[in-house]
Amino acid sequence: MTNLFPYQGAITDTEILNERIASGAKKIISNIKLLENEINKFKASEKRQWMLTGELYYEGEQDILKRERKVIGKGGRLEINRNLPNNKILDNQYAKIVDQKVNYQLGKPITLESENQQYLKALESIFNRRFHRTLKQVGQDALNKGIGWLFPHYDDWGNFVIKRFEPHEIIPFWKDSERTQVDFAIRFYSTVAYEGDKEVVIEKVEVYSVSGVEYYEWFNGRLVPEVMNESRAYITVYDGEDKLQVNWQRVPLVPFKFNSKEIPLIKRVKSLQDGINIMLSDFENNMQEDARNTILVVHNYDGQDLGEFRRNLSQYGAVKVRSADGSKGGIETLTVTVNADNYKAILALFKKALIENGRGYDAKDERMSNNPNQMNIQSMYSDIELDANGIETEFQASFEELLWFVNQHLANTGQGDFEGEKVDIIFNRDILINEKEVVEVLEKSSYMPLQSRLAQHPYVKDVQLELKRLEEEQQQQMDMYDNYGATFEQKQVGDRDESM
């Protein structure tokens, strides 16, 4: 077991290699100009813009809200026309599919399985309900931004905690081309401070490496080291009156990816979400158009130019025409009939395409009518299930990395050396099932161990608790049988005595 605390002993080849890697990272980090360039590049990068777009679209800040109605003006150029109806209808199907996928994969707490009960108990105290909430947020980050980040560390009170970082604040530098191991990372974020009674926003920068954390402020595009900016260790250990600074042997930033390319979900479906919003907005715009804002054909009218004519018509709702030279004056309107069925058909196509491209499921699917069997349900869930398998592959690898830090914490706080202990992380997916059909199948599966059948039973939440209850029930039945047998035997003895 690798120990966080200093020790004496022979230096291995692995330790020499780690020292060289750390030394190389230190040289890069010491080059402030390089860090400034990387921060500026990432701030302006397309990757970060997609991250911010995913978050904005999830929160309902979408392009339709900035839309302006335009007409062809002088010289054939488009000009904004504020006289036309400009409805901005937002139907946030994107947020719906994100919530659908997050709750399908992470809606239920994860299950931990290990043969070592001491290890299992220690893990359950860390991966508790609070962690489950954090994990759901990281899952949402992974979908909206392509990647999520967890930071295992000790808080100011010495408690081991796992914190979430915003993905658009993190610039990772990877050790490998597969982008699985972090060499070092930059975090930049904004915080609010006060100068007297004036509120100001300060941009902070933190650099994480195996040597600890370095702290800077971002001022006018430059890094300014904070006062007393020596590299601070991740862990402070007190030995009597002595204070010892200790670092992890890995950078404590664990990535949780949506896919290996870190492509956010919004990149798949943004045009479809925009199309839904535009169709709804255009439909309402067309329904609202009347004689004051449709095309007018004016006969035998002179006087003001057409712009002034339009303003007067909007203000008074009437116009005077005249007859001259035997020609009768008048006004005609050219209107376009709004066919609601066309909009309905296009919207249905957009929503279906968004579900398919986002790999979700349609809860109103026709296959779900008339008491569907399990095969129909599985067919409806096929796309989201395939995507969930890919996400689980990435998350399982991330949990292996996270467990390294957990195991180090448990070892160095005297709770046990669990390196090499096998533990299974099970994601309990929230899938709709035909409960009656599943129960019938389990009843007929007598060849399966009882524990396996209970694990698949739709009404069983805690297998160990149910096994304990079954054991208690069987013991009560045995006690009742023993008491009945003893009473019956006593009665027989009494009958024999009376007959004698």
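This is a predicted model: local features need pLDDT of at least 70, side-chain atom pairs count only at pLDDT 80 or more; totals for chains, interfaces and linings use all residues.
The chain contains 14 helices and 16 strands. Of its 500 residues, 37% count as buried. Among contacts in the chain with a separation of 6 or more, 63% are accounted for by residues 24 or more positions apart.

Helix α3, residues 46-59, and helix α6, residues 129-145, have axes that come within 8 Å and cross at roughly 115°. Helix α3 is therefore roughly perpendicular to α6, since angles of 65 to 115 degrees fall in that class. On the α3 side, the contact is made by Trp50, Met51, Gly54, Glu55 and Tyr58. On the α6 side, Gln140, Asn144 and Lys145 take part. By class, the residues of this contact comprise 3 nonpolar, 3 polar and 2 charged.

Helix α6 also contributes to the lining of the largest cavity. A search of the whole structure returned 1 cavity of 30 Å³ or more, and the space in the largest cavity amounts to about 50 Å³. Its lining consists of Lys101, Val102, Gln105, Leu106, Gly139, Leu143, Ile391 and Phe395. At least two lining residues are supplied by each of α4 (93-106), α6 and α11 (382-412). Helix α4 provides the largest share, with 4 residues. The lining divides into 5 nonpolar, 2 polar and 1 charged residues.

Helix α11, which supplies part of that lining, also holds Gln396. When neighbours within four places in sequence are left aside, Gln396 is in contact with Ile425 and Phe427. Gln396 and Asp424 are separated by 28 residues in sequence, and their C-alpha atoms lie 9.2 Å apart in space.

Lys270 lies in helix α7, which spans residues 266-288. The relative accessible area of Lys270 is 18%, so this residue is buried. Apart from neighbours within four places in sequence, Lys270 is in contact with Trp50, Thr53, Tyr57 and Asp63. One of these, Trp50, also belongs to the α3 side of the contact with α6.

Asn87 is placed in the loop between β2 (78-80) and α4. Asn87 has a relative accessibility of 15% and therefore counts as buried. Residues up to four places away in sequence not being counted, Asn87 touches Ser281, Glu284, Asn285 and Gln288. The C-alpha atoms of Asn87 and Asn286 are 9.9 Å apart in space, although the two residues are 199 residues apart in sequence.

How values were computed: Residues are numbered from 1 along each chain as its sequence is written. Side-chain values use heavy atoms; hydrogens and water are left out. Axes are lines fitted to C-alpha atoms, for helices over the stretch in contact, and angles run from 0 to 180 degrees between N-to-C directions. Angles under 35 degrees count as roughly parallel, over 145 as roughly antiparallel, 65 to 115 as roughly perpendicular and the rest as oblique. Contact means heavy atoms within 4.5 Å. Ala, Val, Leu, Ile, Met, Phe, Trp, Tyr, Cys and Pro count as nonpolar, Asp, Glu, Lys and Arg as charged, and the others, Gly among them, as polar. On a 1 Å grid over the protein atoms alone, a cavity is a set of points where a 1.4 Å probe fits but cannot get out, and a pocket is an open set with protein on both sides within 12 Å along at least five of seven lines; lining residues have an atom within 4 Å of a point. Grid points are joined across faces, edges and corners, and a volume is the space filled by probe spheres set on the points. Buried means under 20% relative accessible area, exposed over 50%, partly exposed in between (1.4 Å probe, protein chains only).
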